[in-house]
Amino acid sequence: MTRTAAPTRRAALLGLVSLPVLPLLAACDGGTTSGASDGDSSGATASALSVTDPWTKAAESDMTGVFGVLKNTTDKDVHVTGAKSPAAGMCELHETITDSTGASSMQKAENGFVVPAGGDFALEPGANHIMLMQLTGPLEPGDEVEVTLELEDGITIPFTAAVKEFTGAKENYGGASDGGGMEDMGGMGSDGGH
């Protein structure tokens with residue numbers, strides 16, 4: 001009787017010890033990639049903001065732009081405050097400004113991008129975009145670039161952008177950046193650095 005009782009007790013103890021693991025496994029399967037719990041509204045923000053058709057202009061060195069469409073399926077505005085990429089020493093959110101003569105130039109979007117509730121926010125050559133500066137190496141057509149958006153609530157949204165050849169949107173880099181690196185842009189106004 002002792003021989004059959006010991007395995008039963010061991011099995012019962014093992015069953016008790018393994019019970020706490022089940023809720024952890026269920027929590028891991030919740031589908032939130034932001035680190036937020038299922039009940040946290042910031043987790044909903046992460047899953048509701050997406051980037052469609054992301055791409056990057058091919059560049060040998062210096063800088064380039066990342067483009068696509070940010071889509072917000074929530075009923076609240078989503079504020080994108082920054083970006084980062086292992087392909088660049090520095091990333092900035094850029095906007096287009098038009099001066100009194102009608103000339104357009106790019107500058108850092110100091111307040112970031114606001115993706116409206118239930119709406120889209122276009123990132124396009126010659127308009128709003130993510131600027132990759134101090135490239136760590138050439139970006140050739142067919143390559144892929146990892147980019148991560150940073151949201152005001154601390155959530156991050158990673159995505160991959162395909163590198164393409166693009167010759168349009170000859171921008172002027174007239175603005176200055178607090179983060180440095182813009183001195184390289186001054187001479188690139190005529191060749192469309194991104």
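The model is a prediction, in which local features need pLDDT of at least 70 and side-chain atom pairs count only at pLDDT 80 or more, while totals for chains, interfaces and linings use all residues. Residues are numbered from 1 along each chain as its sequence is written, and side-chain values use heavy atoms, with hydrogens and water left out.

The secondary structure of the chain consists of three helices and ten strands; helices (H or I, at least four residues) and strands (E, at least two) are DSSP runs, numbered from the N terminus. Read from the N terminus, the order of the elements is α-α-α-β-β-β-β-β-β-β-β-β-β. The chain has 194 residues, of which 38% count as buried. Here, buried means under 20% relative accessible area, exposed means over 50%, and partly exposed lies in between (1.4 Å probe, protein chains only). The accessible surface of the chain is about 10600 Å², and carbon and sulfur atoms account for 53% of that surface. Such areas come from the Shrake-Rupley method with a 1.4 Å probe, and for residues only the protein chains shown count as cover. Among contacts (heavy atoms within 4.5 Å) between residues at least 6 apart in sequence, 63% join residues at least 24 apart.

Strand pairing was assigned where DSSP finds at least two bridges between two strands. Strand E1 (residues 49-57) pairs with strand E2 (residues 63-72) in the antiparallel sense over six bridges, and within this pairing threonine 52 has valine 69 of E2 as its bridge partner. E1 also runs parallel to strand E10 (residues 156-164), to which three bridges join it; lysine 57 stands opposite lysine 164 in E10. E2 in turn pairs with E7 in the antiparallel sense over four bridges.

The hairpin of E1 and E2 has five residues between the strands. Aspartate 62 is found in this loop and has a positive phi of about 70 degrees although it is not a glycine. Aspartate 62 counts as partly exposed because its relative accessibility is 36%. A positive phi, near 55 degrees, also occurs at glutamine 134, likewise a residue other than glycine. Glutamine 134 lies in strand E8 (residues 129-135) and, at 40% relative accessibility, counts as partly exposed.

Aspartate 120 lies in strand E7 (residues 120-123) and lysine 71 in strand E2, so the pair ties together parts that are 49 residues apart in sequence. By the rule applied, in which a side-chain nitrogen of Lys or Arg lies within 4 Å of a carboxyl oxygen of Asp or Glu, the count comes to one salt bridge. Both partners are partly exposed, aspartate 120 with a relative accessible area of 45% and lysine 71 with 29%.

In soluble globular proteins, nonpolar side chains tend to be buried together. The largest nonpolar core in this model has 31 residues, and the members touching the most others are Leu49, Leu70, Val80, Ile130, Leu132, Leu149 and Phe159. A nonpolar core is a set of buried Ala, Val, Leu, Ile, Met, Phe, Trp, Tyr and Cys residues joined through side-chain atoms within 4.5 Å. Not counting residues up to four places away in sequence, leucine 49 touches Leu70, Lys71, Asn72, Val78, Val80, Val115, Leu151 and Ile157.

Threonine 148 lies in strand E9 and is buried, with a relative accessible area of 17%. With residues up to four places away in sequence again set aside, the contacts of threonine 148 are Gly82, Ala83, Lys84, Thr156, Ile157 and Pro158. Glycine 142, in the loop between E8 and strand E9 (144-151), is exposed, with a relative accessible area of 66%. The C-alpha atoms of glycine 142 and glutamate 165 are 9.0 Å apart in space, and the two residues are 23 residues apart in sequence.
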